[in-house]
Amino acid sequence: MPVWRAPSRHGVGRLPLVSVTAPALRAHGITALRGTRRVLHGLDLDVPAGRFTVLLGGNGCGKTTLLHVLAGLLRPQAGTVQVAGQPQSAYARRALARQLTLLPQDATAPARMTVRELIQQGRYPWQRWWQPNSTEDERAIDEAARLTDVHALLDEPLAELSGGQRQRSWIAMTLAQATPIVLLDEPTTFLDVAHQISVLTLLARLSAQGRTIVAVLHDVNQAAWFADHLVLMREGRILAQGTPAQVVTPACLRATFDLEAHVARDPASGLLFSVPALPARSGRATP
Amino acid sequence: MSTAPSPLPGPSPRGRGLTLAGLLLVTALTAAGLHLALGAVTISPAEVWQALTEPVPGNPAHDIVLYHRLPRLLAALVVGAALALAGGLMQAATGNPLADPGILGINSGAALFVVAGLLATPSGASAPVPWLAAAGALAAAVAVLALGGRGQDPVRLTLAGAMVAALCSAMTALLLLLDQQGLESLRRWLTGALGSTAGTGLALPWPALATGVLLAAVTARALNLYRLGPSVAVTMGVNVGRLRVASLAAVVLLAGSAVAMAGPIGFVGLVAPHAARLLLGEDHRRVTLVAPLLGALLLVLADTLARTLIRPLELNTGIVTALVGAPLFILLVLRRVR
């Protein structure tokens, strides 16, 4: 039996102890529609607890829809989701919001809202109506700002920030929610490569501290470098899943993206990487 | 891009809020004093004070203060606060900084239903004006939301509001043309006239106002999250469907009550929440507290102007708020476009 302990009153400090073998999220037989289009077809997925899981796949393969179903934003037409061993439908809204959070792609904030005001919103599920911040709330906000390195920016309006700073502020908001499970939809899109790496490093560190992280990414190499568990999707189904070494193979990449690719290891770092196999360009001398 | 002026200095947002509330209270009291003293006849502050504390029956100045200007002042305070609260709710719930009960057609819808109801009521019987106004506000709000589409496109929503406002005003004008006698008594009310409540005494639609204020207070915290996008609100545990219904109901009750009391008055609901945000930042809970104070203050000032600009004649209050508010509206649009 998995050991599961409810989070402390304000969800800070202790994360629930989850045995590593029990999945944090379990989706079974999920069929989901977007409008009238069927996007997911009887999909099964176990998300390992305390690990960094990355969903990869071509555009429109159902990654975002899957995240929305896992987060309870979208009710599946068929199938069930279990969150920390309990059916998602058994949770009250607020209880679910203390268990998992999702940073969606379409999040927008008023331009003059400050970083502190944004992070503050993450405390919603822990506060009662019109209640001022408790010391626990302040601690969670502080910790989230420290982890994401936006501490110096707390009183800046969001409109004045760079794309990387803004994205880290949003991540800080989801961290202030202090949920054991964090889902992120393309958290690195629109960031330059240095900021992409810093966001992914942060997510890997959070999973090392015991949080369950699920992110949709587009870069196969970054996914291979940072993920503990990789899930390849195509047309609403899971093609393959496993460790990066098991899944980042020419055969899997071909099946997922219709892309011919070479896979190798960087001799210096030992990191796995793939390069697309491009046709030789005419008119350019090869050394 | 220009930076927003930094909020007032102060030890903490909380302390700053209290300081500001104190300042506002003093300003509002001064404005209220001016409202009572100025008008067709200027009455000295000492005499205003005497009229309020130990009135002498039959003293004409005291009668003007007590039975003409005081009810009008109270109406301006209540109507200004209700419109500001409704405007703040609309701006938060639609994600549209240009939302206002006037601009989005809510006031015109309420006015149309009131005029239709009054014309349909046989003379002698009293029409349930607040309920007519609330029904009209609801009809207009539903029409604007339906035309505005599901995507939160501020431009489309604003255009839908302008169309509904134009349509309702045209239909109101048509009704008045059909009934020439009704025209004279309703014409003033339709341009926003606080004066019309003065004669009948203060028959405030208290239950509707109280329910609207309560709903606005209850939804304030969740609306903060709603402004970050519906999906964020859901993942934070907000019941988005219930939130939408509650804020719509609050807007309908508040704007409907305001129209029932004073006719359609525009721009107060637009300007007051923006002023509150400039002073106190983006937290919708603080906007909910301070915008009604600012709205009340604005309308008292506008009404004082309306009664003094062309004295001994009076302008309609709604005309003054439009003259002041329309340029501010254009300013807001330009700032966003830039």
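How many residues does helix 12 of chain B have, and how far does this helix reach from its first C-alpha to its last? Helix 12 (residues 268-280) of chain B has 13 residues and reaches 18 Å, close to the 18 Å expected at 1.5 Å a residue. That expected span is 1.5 Å times one less than the number of residues, and helices (H or I, at least four residues) and strands (E, at least two) are DSSP runs, numbered from the N terminus.

A word on the model: this is a predicted model, in which local features need pLDDT of at least 70, side-chain atom pairs count only at pLDDT 80 or more, and totals for chains, interfaces and linings use all residues. Residues are numbered from 1 along each chain as its sequence is written, while chains are lettered from A and ligands numbered from 1 in the order in which they are written.

Back to helix 12 of chain B, which is mostly covered, with 11 of its 13 residues buried. A residue is buried if 20 or more other C-beta atoms, placed from the backbone, lie within 10 Å of its own, exposed if 12 or fewer, and partly exposed in between. Among the buried residues of this helix are Val268(B), Pro273(B), His274(B), Arg277(B) and Leu280(B). Gly281(B) follows the helix, with a positive phi near 90°.

Now to chain A. This chain holds 9 helices and 12 strands, and 43% of its 287 residues count as buried. An automatic or database domain assignment gives domain 1 (1-9 + 23-99 + 180-276) and domain 2 (106-178) of chain A. Their centres, taken over C-alpha atoms, are 24 Å apart. The contact between them takes 10 residues from domain 1 and 10 residues from domain 2, where two residues are in contact if their C-beta atoms, placed from the backbone, lie within 7 Å. On the domain 1 side, helix 2 (93-97) and helix 6 (193-208) of chain A each give two or more residues, and helix 6 gives the most, with 3 residues.

The two chains meet as well: 18 residues come from chain B and 24 residues from chain A. Helix 9 (206-226) and helix 10 (230-235) of chain B each supply at least two residues to the chain B side, and helix 10 gives the most, with 4 residues.

The table gives the residue classes of two of these sides. Ala, Val, Leu, Ile, Met, Phe, Trp, Tyr, Cys and Pro count as nonpolar, Asp, Glu, Lys and Arg as charged, and the others, Gly among them, as polar.

| Side | Nonpolar | Polar | Charged |
|---|---|---|---|
| Chain B, touching chain A | 6 nonpolar residues | 7 polar residues | 5 charged residues |
| Domain 1 of chain A, touching domain 2 of chain A | 7 nonpolar residues | 1 polar residue | 2 charged residues |
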